[in-house]
Amino acid sequence: MSRKVSSTIILIVLIIGAALSIFPIYMAVINSLKTQGEMFSSILSLPTKLHFENYAHAFEKTRLLNSVKNSLVVSVIGIGGILLFASMAGYKLSRTSGRISNFLFFLFIASMLVPFHSIMISLSRVAKALSVQGSTYGLAFIYIGLGVNMAVFLYHGFVKSIPRELEESAHIDGCGEFQTFFRIIFPLLMPITVTIGILDFLWIWNDFLLPLLMLTDVDRYTLILSTNMLFGEYNKEWSLILASLVLTAIPVVIIYAFFQRFIMQGITEGAVKG
């Protein structure tokens, strides 16, 4: 088989894969602009009239501004904590040799294999005992605990690519350990830091189960939970639901579009180097 034929086949496969990936988004957008009756009559057809009022109603019913604020609070605190603690832990474990360091690193890796569903009941009870259940700040701290394991793994591998001579020079110039890390090492970790930040933002922003377990007050609902309120027991307003889901996805799509080149670069370097 010639190289040209192989390239053509690969291109066709990629086009088909891209079309299958875009199709659900296309369906969500066109049906969010229809009336309920029009959508039920034909979900594949284009809307005869663009009903942008669906977005206005979804904005109002989901209390979008308040929900976005709650999601941003949880995401910013959660991601900030993950990056801070995981970067320091990954750096220290990578630079420290010995059985204790290896054992602690093994614990981080092993915790990645534990399914969330197996610990969610216990986690809910612990959160209630610590009086953090029902709080967006408490939810953010839980995300920190759940997210540091993968971040430590990626930081641990990435730190190995940084020459030790930089730290030795900093120590000679009088820098302490924290100064060396934050002034010399952490800026060099920017590729993997951006990668972890984006991946954790996608995870926290789109997560449904953990906020459902932890948040009880409607005023503290994240955007995904507020969208879930549109699912009634006897009535489901699908046009509003789809409009709300499109609004929910917009920030994720924008952030991913701007920073997608860092994701594979950071994961590859963090997992392979060293």
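Student: Taking a salt bridge as a side-chain nitrogen of Lys or Arg within 4 Å of a carboxyl oxygen of Asp or Glu, how many are found in a search of the whole structure?

Tutor: The search finds three salt bridges. This is a predicted model, in which local features need pLDDT of at least 70 and side-chain atom pairs count only at pLDDT 80 or more, while totals for chains, interfaces and linings use all residues. Residues are numbered from 1 along each chain as its sequence is written, and side-chain values use heavy atoms, with hydrogens and water left out.

Student: Which residue does Glu-167 pair with?

Tutor: Glu-167 forms a salt bridge with Arg-95, their closest N and O atoms being 2.7 Å apart. Glu-167 lies in helix 8 (residues 164-172) and Arg-95 in helix 4, so the pair ties together parts 72 residues apart in sequence; helices here are DSSP runs of H or I with at least four residues, numbered from the N terminus.

Student: Are those two buried or exposed?

Tutor: Both Glu-167 and Arg-95 are buried, where buried means under 20% relative accessible area, exposed over 50% and partly exposed in between, with a 1.4 Å probe and protein chains only.

Student: And what does Lys-92 meet?

Tutor: The side chain of Lys-92 meets that of Glu-177 in a salt bridge, at 2.7 Å from N to O. Lys-92 is in helix 4 and Glu-177 in helix 9 (residues 177-188), 85 residues apart. Lys-92 is partly exposed at 41% relative accessibility, and Glu-177 is partly exposed at 43%.

Student: Switching to helix 3, which of its residues are buried?

Tutor: In helix 3 (residues 53-61), the buried residues are Asn-54, Tyr-55 and Ala-58.

Methods:
Helices (H or I, at least four residues) and strands (E, at least two) are DSSP runs, numbered from the N terminus.
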